[in-house]
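The stops below are meant to be taken in order, one selection at a time.

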Amino acid sequence: MIQTMKYGPVKNFIDGAFVESETSKIMQVISPVDGSLLSEVPMSEASDLDLAVQSAKAAFKKWSATPIKERVQVFFRYKTLLEKNLVELAKLVEEENGKTYTEAVAEIEKSIELTEFACSLPQLITGELLEVSKGIECRTEYVPLGVVASIVPFNFPSMVPNWTIPNAIALGNCMIMKPSEKVPLSVGRLAELLKEAGLPDGVLNVVHGDSAIVEAICDHPGIEAVSFVGSTKVAKIVYKRATSNLKRCLALGGAKNHLLVLPDAIPGMTAQNITASMSGCAGQRCMAASAMVGVGNVDHIIDQLVIEAQKVVPGQNLGAVISKESKERIEAYITSAEKQGAKILLDGRQPNVPGKENGYYVGPTVIDFVTPDMDVAKEEIFGPVISIMRTKTLDEALAIENANAYGNAASVFTQNGGAARYVINNASAGMVGVNVGVPVPREPFSFGGWNESKFGVGDITGKSSIEFWTKLKKSTTKWNPEAGVNWMS
Ligand code: NAD
């Protein structure tokens, strides 16, 4: 049966207008909620990218010369437009990504917070000035890089693009945005809203596509810097390719986040936080809890966790996973744990979701007696699944956390301040939580992991992003001739 598309075909956004790609290669955009056809997206060619880079280059001259206090006025207006269009934007995220409407609203709210931060950049980037010897002044300024690129994943169709668009552009850069081909619709709306907010044509260009266009971005001589958010496998490819072409690169990868639970943790609060962390956005968050390590006897907390997780119902307060392949992959992980000897306390495989039988749902899954050698303990599952391991001591639990290749987040649940501080000091993760299941630092604090969760220097949001999106100009000046010549002048 031929399905009709809910929306028209997705187009690139170049020089302030939606334009057809030169490619004949397209991909369908399917809603994970019910398997319906939403749109189709072009797999753009290098020639499409070239047009976008030319447009961005042309816009850079004027945009970079616009004072930052003027540039951020666009983002004050964009913030108001995000607020005004919140319901429509959230519905689009829900439709193309599959998360619940409530989660989609939270994603737009987070986009608004990110924009607020960008509006505050003039307060943060005042340079330094000092009279270094009589009549001689040294001064530093943050200068934009030029044309930059941002490559984003499927799991936050609005928030992750807003990690980079407001900061990079408010700091004076012009950007090529490459959305995930799985969720290409939201970014188009963001581009329209930015135009409505007064962003000049060419400052933001959107080029859709898959790995071929990402490779073209890494190779394009007109692009100065590449930021990437996605899986570790692709982060490594992008980091290597972009830096081998002498570009600045920051590439954020996947995650395997551990929650360490001590017997003194408050059972109800701990169980609720773990459940929210492992099942929020159907476990498709790079900050999601994926492994729990119980230190000593925490059976009473695990019992409570199962009760809480049972309240999470697919199709109601639990959204879909992104695709049929994802659903099959997640369910295969659960089966592999079962075969390797773990105990499934709550089984989310093949849930019955009335009215959404064609959607891609996996129910909340709690797996106990997992050992560190099992696949579910080692690999990123990216689904609503928590694997529980048990140790006798906190050091053994930390050794498990430290041994995993990733390093995005780790959390500890306890009422003991000394134990909490010990975990903050010794977890090998960039973001650590104490009695917090999803320790995302909020603006103005920066977001970024360690180890195989991030390649490159600095973080992608908050104050740290200023260093990534700018370079320092150092000037030394003398305007008083009577100062004569002194050392180093
Ligand atoms: P992905 O790596 O498959 O895709 C990310 C982007 O890379 C997409 O735009 C895609 O088109 C492109 N891409 C895919 N394969 C490529 C290839 N071989 N060569 C070049 N480009 C390629 O990631 P995803 O499935 O969209 O997103 C989920 C992943 O993102 C998870 O691993 C998750 O942990 C990670 N993630 C990390 C963070 C973080 O902050 N560290 C945040 C969000 C998501």
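This is a predicted model: local features need pLDDT of at least 70, side-chain atom pairs count only at pLDDT 80 or more; totals for chains, interfaces and linings use all residues.

**Stop 1: the ligand**

- Glu181: an N or O atom in the side chain of Glu181 is 2.6 Å from an oxygen atom of the ligand.
- Ser231: here too the side chain is involved, with an N or O atom of Ser231 at 2.6 Å from an oxygen atom of the ligand.

**Stop 2**

Next, select Tyr7, Leu92, Leu185, Gly188 and Arg189. Of the 16 residues that line the second largest pocket, these are the closest to its centre. The space in this pocket is about 330 Å³. Which elements give two or more residues to the lining of the second largest pocket? They are helix H3 (86-97) and helix H7. By class, the lining of this pocket has seven nonpolar, three polar and six charged residues.

**Stop 3: the second largest cavity**

Stay with helix H7 and select residues 185-196. Helix H7 gives three residues to the lining of the second largest cavity, the largest share from any element. Among the lining residues of this cavity are Ala191, Leu194 and Lys195.

**Stop 4: the largest cavity**

How many cavities of 30 Å³ or more does the structure hold? There are three. The largest cavity has about 100 Å³ of space. To find it, select Gly283, Arg285, Ala288, Ser290 and Phe382, which are the closest to its centre of the 15 residues that line it. Eight nonpolar, four polar and three charged residues make up the lining of the largest cavity.

**Stop 5: two aromatic pairs**

The structure holds six aromatic pairs. Begin with Phe75 and Tyr78, an edge-to-face pair with 6.0 Å from centre to centre and 90 degrees between the planes. Both residues are in helix H2 (residues 68-84), and because they are three residues apart there, about one helical turn separates them. Are these residues buried or exposed? Phe75 is buried, with a relative accessible area of 0%, and Tyr78 is buried at 0% as well.

For the second pair, select Trp163 and Phe447. This pair is tilted, with 4.6 Å from centre to centre and 40 degrees between the planes. Trp163 lies in helix H6 (residues 159-170), whereas Phe447 lies in the loop between strand S18 (431-434) and strand S19 (454-455). The pair therefore ties together parts that are 284 residues apart in sequence. Trp163 has a relative accessible area of 4% and is buried. Phe447, at 3%, is buried too.

Notes:
Residues are numbered from 1 along each chain as its sequence is written. Side-chain values use heavy atoms; hydrogens and water are left out. On a 1 Å grid over the protein atoms alone, a cavity is a set of points where a 1.4 Å probe fits but cannot get out, and a pocket is an open set with protein on both sides within 12 Å along at least five of seven lines; lining residues have an atom within 4 Å of a point. Grid points are joined across faces, edges and corners, and a volume is the space filled by probe spheres set on the points. Ala, Val, Leu, Ile, Met, Phe, Trp, Tyr, Cys and Pro count as nonpolar, Asp, Glu, Lys and Arg as charged, and the others, Gly among them, as polar. Helices (H or I, at least four residues) and strands (E, at least two) are DSSP runs, numbered from the N terminus. Rings of Phe, Tyr and Trp (its six-membered ring) pair if their centres lie within 6.5 Å; planes under 30 degrees apart count as stacked, over 60 as edge-to-face and the rest as tilted. Buried means under 20% relative accessible area, exposed over 50%, partly exposed in between (1.4 Å probe, protein chains only). A polar contact is a pair of N or O atoms within 3.5 Å; within protein, one must be able to donate a hydrogen and the other to accept it, and residues adjacent in sequence count only if both atoms are side-chain atoms.
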